[in-house]
Protein chains: 4
Amino acid sequence: MLIFIRPQATAAQRAELRHALAAEGARGPMGTLPLGAGDVIGVEAAPLTAAARERIAALPAVARVVPVAAPYKLASRAASATPSSVRIGAVVIGGGGVPPVIAGPCSVENEDQIVEAAQAAKDAGAVMLRGGAFKPRTSPYTFQGLGISGLRLLARAREVTGLPVVTEVMEPNLVDVVAEYADMLQIGARNMQNYALLVAAGHAGKPILLKRGPSSTIEEWLLAAEYILATGNPQVVMCERGIRSFDPLTRNVLDVAAVPLLRTLTHLPVVVDPSHGTGRRDLVVPMALAGVAAGADGVIVEMHPQPDAAMSDAAQTITPAALREIITGTRAIAAALGRISAPDTPKEHSQRHARVR
Amino acid sequence: MLIFIRPQATAAQRAELRHALAAEGARGPMGTLPLGAGDVIGVEAAPLTAAARERIAALPAVARVVPVAAPYKLASRAASATPSSVRIGAVVIGGGGVPPVIAGPCSVENEDQIVEAAQAAKDAGAVMLRGGAFKPRTSPYTFQGLGISGLRLLARAREVTGLPVVTEVMEPNLVDVVAEYADMLQIGARNMQNYALLVAAGHAGKPILLKRGPSSTIEEWLLAAEYILATGNPQVVMCERGIRSFDPLTRNVLDVAAVPLLRTLTHLPVVVDPSHGTGRRDLVVPMALAGVAAGADGVIVEMHPQPDAAMSDAAQTITPAALREIITGTRAIAAALGRISAPDTPKEHSQRHARVR
Amino acid sequence: MLIFIRPQATAAQRAELRHALAAEGARGPMGTLPLGAGDVIGVEAAPLTAAARERIAALPAVARVVPVAAPYKLASRAASATPSSVRIGAVVIGGGGVPPVIAGPCSVENEDQIVEAAQAAKDAGAVMLRGGAFKPRTSPYTFQGLGISGLRLLARAREVTGLPVVTEVMEPNLVDVVAEYADMLQIGARNMQNYALLVAAGHAGKPILLKRGPSSTIEEWLLAAEYILATGNPQVVMCERGIRSFDPLTRNVLDVAAVPLLRTLTHLPVVVDPSHGTGRRDLVVPMALAGVAAGADGVIVEMHPQPDAAMSDAAQTITPAALREIITGTRAIAAALGRISAPDTPKEHSQRHARVR
Amino acid sequence: MLIFIRPQATAAQRAELRHALAAEGARGPMGTLPLGAGDVIGVEAAPLTAAARERIAALPAVARVVPVAAPYKLASRAASATPSSVRIGAVVIGGGGVPPVIAGPCSVENEDQIVEAAQAAKDAGAVMLRGGAFKPRTSPYTFQGLGISGLRLLARAREVTGLPVVTEVMEPNLVDVVAEYADMLQIGARNMQNYALLVAAGHAGKPILLKRGPSSTIEEWLLAAEYILATGNPQVVMCERGIRSFDPLTRNVLDVAAVPLLRTLTHLPVVVDPSHGTGRRDLVVPMALAGVAAGADGVIVEMHPQPDAAMSDAAQTITPAALREIITGTRAIAAALGRISAPDTPKEHSQRHARVR
């Protein structure tokens, strides 16, 4: 809903408008228009009653009010009174509690490697295993993954450790076989707008981890989620993994603000991927913690027992020891911000911070 | 220093190289080259002895080793054995401890407003006051600040509250008068490469808060710091305030990863500005906490007793209550990550996290 | 091939190096490294003999020479002595001559519309018809195209006008049916890294129009072409259609420089799409001409007999009259720059400009 | 002026609106809003009479019409009935005719170099000399220009060749001395938002070449021009010189579409700088021609008699022979598009293309 401010409105009248919006329960602002100089503000219409909208339209600062609907319906906050959560076996992403950490190698390489990695992830405190069987690779000449035999090795690692498995699916034709082995399907950043894949994955009925495209707006990303939700599958987790920018020192820029921004727009849970989001091993731990402090519902990282021997993404793959730092830090921050109860966190503090999210 | 990998090097040989680099104390990788497919890695040469470099060059994975010096000298980590800190009155930015929070209105408007804001900032736990007397404005027709009388009002607010003051200087000719009233000079994002201003500000001998330009690389930003350092003034604090990107929902993208990345490249302290970094009031608190979790040495935010009545930047200005959330959260995270001692933080945990930074 | 310059090299020695590179037939520079301050230059190694490389390495300005191969092989200039051309029926894209113009509506809507559009395109001088039967749409709730019946209507329009048809294919499973009706398959920007689709389209054996992804580097785009070429299908045309940037006034930024840059890197032909590249009807004609002046082998535009009645992309769709301006302007520029013989272009001028491309 | 479309409006009603806008003389569309799905269009209000606006508001497709003023006044098209032109000695930029070409070295190095360069520029057909006396340099340790003695050498080169001179001014304090020697003052990209400099330069009363900042929106750029125009100095020429983007192969992305876009927004003339706009010598000629084809009023390039010996920007500096290609090509394109009369251009063609601009 767009609110056009009268150019002659005084500061006091503008303040009155803001207060009224807050009092009526409006969320936003959703941004200002590129034309003009800030005299149009947008807020979410959903929480406002018709009567509230009329009261706002009648304020002296307001020239007129124009409704604009969000183009996504099922993904919008209006569609769910509470944040939704997605369950993968015993793991729950979203809805509060300690943010779960998902870890594992970039690629499945062989049985020893993936079982060892899964065990190391579990020992460090990760609750879910990631690993690529089908790998999207920029060059046709680089290792493309083990394919179906990689899926079998992931299932074997799950059998040994009990960790549920998330792995990428890259083609509609392969959705069934990937869904047979995996507990959660990953849609990769390159395929965020591969609509046939989104629909096929949605129909598989499994939880889906939807990575953000490297130059996708938040709205495009939510519309990609909408493609899945529209199949009747509500189990979507958004994954911020970095956007493309200009500085050659990092592979991507992790848009941490996407986490609290999604909170205002959608009920879907959101996790951060600091491995792809930075491309540098030395930035993964601090950026995982940054994501959690900003309110992420979970973290996914590339971890390998011997990172330097990894067949792909070695430069951004961390050790089990660094994973342990993330998990301990995640718990500590969640407790410090009062998101989980912790014996060492004073009560008053918890309450004060419950509002952060 | 660039290390060229032999194309025929096996995974084991590559791993051996990585281990050797770690064992010799190399920092990095600093990134890979855009040409070729990842067979060149860059690491900082500084910590390596000549003997170490020879040992690395002799490994089977290595085709050759080529030294490349960082173009900035005084700002580089090689120039200082320990992280440097900058003192502004009783406030210390950098060097550990609770990250200080700087707060205040976008613009100084009148005596009541700035004194009230300073008092509210102090009451919430902020240790320094920000406020613009000279305002860089995109349009010549918008409020440009009170100028010198604004400086006097800032001094008055300091007198009342005891908080030191940081304010922007926009012209070489005004450096002296701003330095007369302010405790710290701010170089704004639009002026990051205004070299005459950098040099004039450096010569004033006051601490300087150097904002990152909205499309500046980390290297350009460090070279801007180098302009100041080269005047003989070592008191530079880097301030990440968001880079320009494509999503219309936020004003900028706060590049939180710049914080840990600067740690690897410079000894200078770094603070985050989540107000300009997002442009949205509802994102300021979580992004301030994200910056602190990533290792920032401080936070600077726009706060106003009545944000909706602010004459500029109202959309991104927070309330005193939100400032209090930031300050409490900052302390809680610093304690949780073992950066400060806290009675409620278990000892073992602190030790484990000392390495995060 | 990377050439490292000695820091002590004088300007005269650097000039000597440049002259030697030119004399030996080196192409480039391909860019400089982000580390250091410009003392490494990259040139294509392909045209240099081993003896030439040794002569260059021996110059006083040169510290050392390091070979780096381009990651794409079949797409690289080294793979073909001459620019390649792609034939679609009677139309030839690449290899000189008047750059062909492809035109048609965003979507096929019904028989009258597509036949009328094809006839208008032909009358204006376009030599090929574009039109979407399967439409990638950001939202699941917008018109997704007529599908297979749209393909039949395209075939009908071809029957009436004789114009060959290019249309998008979005799923590997649909490649066969689209190839049955279309003369050229389009891979859309969202699918540039949908590798299963690239491979399936390659195997269909039809010419392929490969759009650049909105945040794809030139190297990633050439590697996507490599996926197709590696199937044994050499008929690939690159299509620059704008990259994502920060200014809200245009939908994308048409990277016109990609045209001459591709000339230095690949033998494949390249066309420009100023419709998606700007998103604004009023910019399509001048940007089409800009692309041709920069050396494009063709132009593809969205045109509709009644643009304002178009079911999709109306804001960027031009009229038949504007199409005629593009076609007349394209011929005039090609003649003016001596790329085609024209009775009204003086001979001397033609010769001088043959080098522009 | 924003026009809100009724969601229920039929395609025919939408077409009727477009036709009415065209019939009433509306310019635009200026873009669509980021919220919603294209049901708001913006057009310039200036050319419409009040009666015309009422007629449009009454159409069945229109929900309502809302006026939004452009934040720049003096720079807007509404401020001048015809495109403005800027005169520098005998050179006129803007207003039609053959687009003038400005050429010269990045830096003034010594008398022989600048006089030789000026003579080579003149011989090739350039009508104005560029050259830096004060150089903005990212690093404090690189050559910063000859300063005032460089200005004297530029004046000497003008004396010898008769070419007027444009050179950069970087500090308000130096405006007077630069204006004493130069015929046109350049505001560099790094200083586009150095407001004190814009105002000081405006007051000097000389023509000003205003480069676009590397991440500036078109609106911010026009507001920077407004700062100059508001001093009472109307002689402003806009210079597109590339925006920052993600591909490492070029230094910047030359936003050629800024040329026709500025035509719709401002009466000020616009030139392109393909040297900084690409950073690569091999792209300068084709991109200069692309700019001219898109409607630029002029071209500015870095040219050096011995480019490889240039003390700065050697990688993007062209030879006198390449400059000649630009000048011949510029004339040929201007004639081909009917912007100048040429004996070899058929009459009918000229008329048809008069509308391109």
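**Entry 1: helices 1 and 2 of chain A**

I began with helix 1 of chain A and helix 2 (residues 50–57) of chain A, which pack at an angle of about 175° with their axes 10 Å apart; axes here are lines fitted to C-alpha atoms, for helices over the stretch in contact, and angles run from 0 to 180 degrees between N-to-C directions. That makes helix 1 of chain A roughly antiparallel to helix 2 of chain A, a label for angles over 145 degrees. Helices (H or I, at least four residues) and strands (E, at least two) are DSSP runs numbered from the N terminus. I noted that Ala20(A), Leu21(A) and Glu24(A) in helix 1 of chain A meet Ala52(A), Arg55(A) and Ile56(A) in helix 2 of chain A, where two residues are in contact if their C-beta atoms, placed from the backbone, lie within 7 Å. By class, this contact has four nonpolar, no polar and two charged residues; Ala, Val, Leu, Ile, Met, Phe, Trp, Tyr, Cys and Pro count as nonpolar, Asp, Glu, Lys and Arg as charged, and the others, Gly among them, as polar.

I keep in mind that this is a predicted model, in which local features need pLDDT of at least 70 and side-chain atom pairs count only at pLDDT 80 or more, while totals for chains, interfaces and linings use all residues. Residues are numbered from 1 along each chain as its sequence is written, and chains are lettered from A and ligands numbered from 1 in the order in which they are written.

**Entry 2: chain A against chain B**

I then looked up the interface, where 63 residues of chain A are in contact with 64 residues of chain B. The largest share of the side of chain A that touches chain B, nine residues, comes from helix 10 of chain A. By class, that side of chain A has 36 nonpolar, 17 polar and ten charged residues.

**Entry 3: helix 8 of chain B**

Seven of the eight residues of helix 8 (residues 258–265) of chain B are buried, so this helix is largely enclosed by the rest of the structure; a residue is buried if 20 or more other C-beta atoms lie within 10 Å of its own, with C-beta atoms placed from the backbone. I found that its buried residues pack against helix 10 of chain A together with helix 7 (218–229), strand 11 (236–240), strand 12 (270–272) and helix 10 (281–293) of chain B.

**Entry 4: strand 6 of chain B**

Both faces of strand 6 (residues 101–104) of chain B are covered, with Val101(B) and Ala103(B) buried on one side and Ile102(B) and Gly104(B) buried on the other. I traced its parallel pairing with strand 13 (residues 298–302) of chain B over four bridges, in which Gly104(B) has Glu302(B) as its bridge partner. Strand 6 of chain B also pairs in the parallel sense with strand 7 (residues 128–130) of chain B over two bridges, and strands pair if DSSP finds at least two bridges between them. Ala103(B) stands opposite Leu129(B) in strand 7 of chain B.

**Entry 5: Pro320(A)**

Pro320(A) touches Ala120(A), Ala124(A), Met303(A) and Pro305(A), leaving aside residues up to four places away in sequence.

Methods. Parallel < 35°, antiparallel > 145°, perpendicular 65-115°, else oblique. Buried ≥ 20, exposed ≤ 12 C-beta atoms within 10 Å, placed from the backbone.
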